[in-house]
Amino acid sequence: MSLPHLRDLPVPALPGAFAAAGVRGAAIVARDVALAMHQRHALRWEELPLGREARGRLEARFRFGPLLGEPAVAVAADGTRKYVFPALDGAAVEVVLIRNLKAVTLCLSSQAGCALGCTFCATAALGLRRNLTPGEILESLARAGKDAGVRVSDVIFMGQGEPLHNYDAVMDACTNLNHHHGPSLSKRRISVSTAGLTPRIRRYAAERRPWRLYLSLHSAVEETREQLMPIARVHPLPDLLDAMREYQQLCEVPWVTLQYVAIPGVNMDDRHVDALRERLAGLRAILDVIPWNDIGGPYRAPTWAEVRDFRNRLMGLGCPVKTRYSAGKQDGMGCGQLTAGLLALAPKGGHIDAPWGIYTD
Ligand code: SF4
């Protein structure tokens, strides 16, 4: 069995792991190693601040080295950059870096491919290849930021994969992203977007996770939601929204963000607006409207006039409504468009037709 990789470990666990390996001054060495890995982007043993004895003890227990190969990079007309890194086994780790005046946001992937099969999303066609490790997630952030010459200020798990499907790895990655010896991002600038795995939302709430949790709602009409997101057949809407209410209460979140991909002829008519009014009672929510990005079918992208009209009707619900421009969408980098196409890495094996086939909660 291969040794654990140092970058996969939560930063708070490093001092204990180093002490168990017999490293003298384990707490200080662990701090220095974490800072080198996560803030100075060290990729190899020789780049870690270790004496010969400490390095020998750690090399006997841990691996260290690059987890990702050279990325394929594309730059969109609006400056958005997409990176597709090949992992050691050839799986693709895809991230999108978006700059605006206030922030540099990295859209992170949690899995290579995805098992959930949402019908509006190009990633669904890949199926699930595998979960990413915390180290792969963190290295994709470090290397994309370094390549672009920027410090990433915000991350959102909204690239390939359902983050709560890879719960432990994503939670460990978030712990390190937030840690002052890690990339040191503010907890309010770390967001996890879920398609709605109800038991895992309850677990997230019970564990009082401090990062923002977004729900991809997309419809408050059950049959429309099932059409868009097959996982809705496993986790019906009333129980899912109850879980979000619990999350709001337990984690003391003033507003929860509900993402809503707007697709004409599917979920933008008055019936869907009325369903939102009825279903969202008791939930202080911000509606985040994302005009559907064309992936070559099976739907039609809305015009801006349609989006404006929809937003105006949503504002009658009395909750804040945002409209999100998907950066890089003209160049295949927007929400729902990620397919690792730059590397042409088709997933090998592991394709799961039943979207909930490996989901056991
Ligand atoms: S929208 Fe998200 S959860 Fe749904 S298939 Fe795409 S990546 Fe997976």
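Domain bounds here come from an automatic or database domain assignment. With that in mind, select domain 1 (6-59) and then domain 2 (72-343), the two parts into which the chain is divided. Their centres, taken over C-alpha atoms, are 33 Å apart.

Before you go on, note that this is a predicted model, where local features need pLDDT of at least 70, side-chain atom pairs count only at pLDDT 80 or more, and totals for chains, interfaces and linings use all residues. Residues are numbered from 1 along each chain as its sequence is written.

**Where the domains meet**

Domain 1 gives 11 residues to the contact and domain 2 gives 14 residues; two residues are in contact if their C-beta atoms, placed from the backbone, lie within 7 Å.

**The cores**

Now pick Leu106, Leu108, Leu141 and Val155: of the 85 residues in the largest nonpolar core, these touch the most other members. A nonpolar core is a set of buried Ala, Val, Leu, Ile, Met, Phe, Trp, Tyr and Cys residues joined through C-beta atoms within 7 Å. Buried means that 20 or more other C-beta atoms lie within 10 Å of a residue's own, exposed means 12 or fewer, and partly exposed is in between, with C-beta atoms placed from the backbone. Which residues is Leu106 in contact with, leaving aside its neighbours within four places in sequence? They are Val95, Leu97, Leu141, Ala144, Val152 and Val155. A second, separate core has 16 residues, including Phe18, Ala34, Leu48 and Leu58.

**Helix H5**

Next, select residues 167-178, which form helix H5. Helices (H or I, at least four residues) and strands (E, at least two) are DSSP runs, numbered from the N terminus. Among the buried residues of H5 are Tyr167, Val170, Met171 and Leu177. The buried residues of this helix pack against helix H2 (26-38), helix H4 (134-148), strand E7 (154-157), strand E8 (190-194) and helix H6 (198-206).

**His272**

Move on to helix H9 (residues 270-279), where you will find His272. Is His272 buried or exposed? His272 is buried, because 20 other C-beta atoms lie within 10 Å. Not counting residues up to four places away in sequence, His272 touches Ser219, Ala220, Val221, Thr224 and Asn267. Select Ala92 as well: the C-alpha atoms of His272 and Ala92 are 36 Å apart, and the two residues are 180 residues apart along the chain.

**Around the ligand**

Finish at the ligand, with Cys114, Cys118, Cys121, Gln160, Glu162 and Gly336 among the residues around it. A residue counts as near a molecule or strand if its C-beta atom, placed from the backbone, lies within 6 Å of it.

Key. The expected span of a helix is 1.5 Å times one less than its number of residues.
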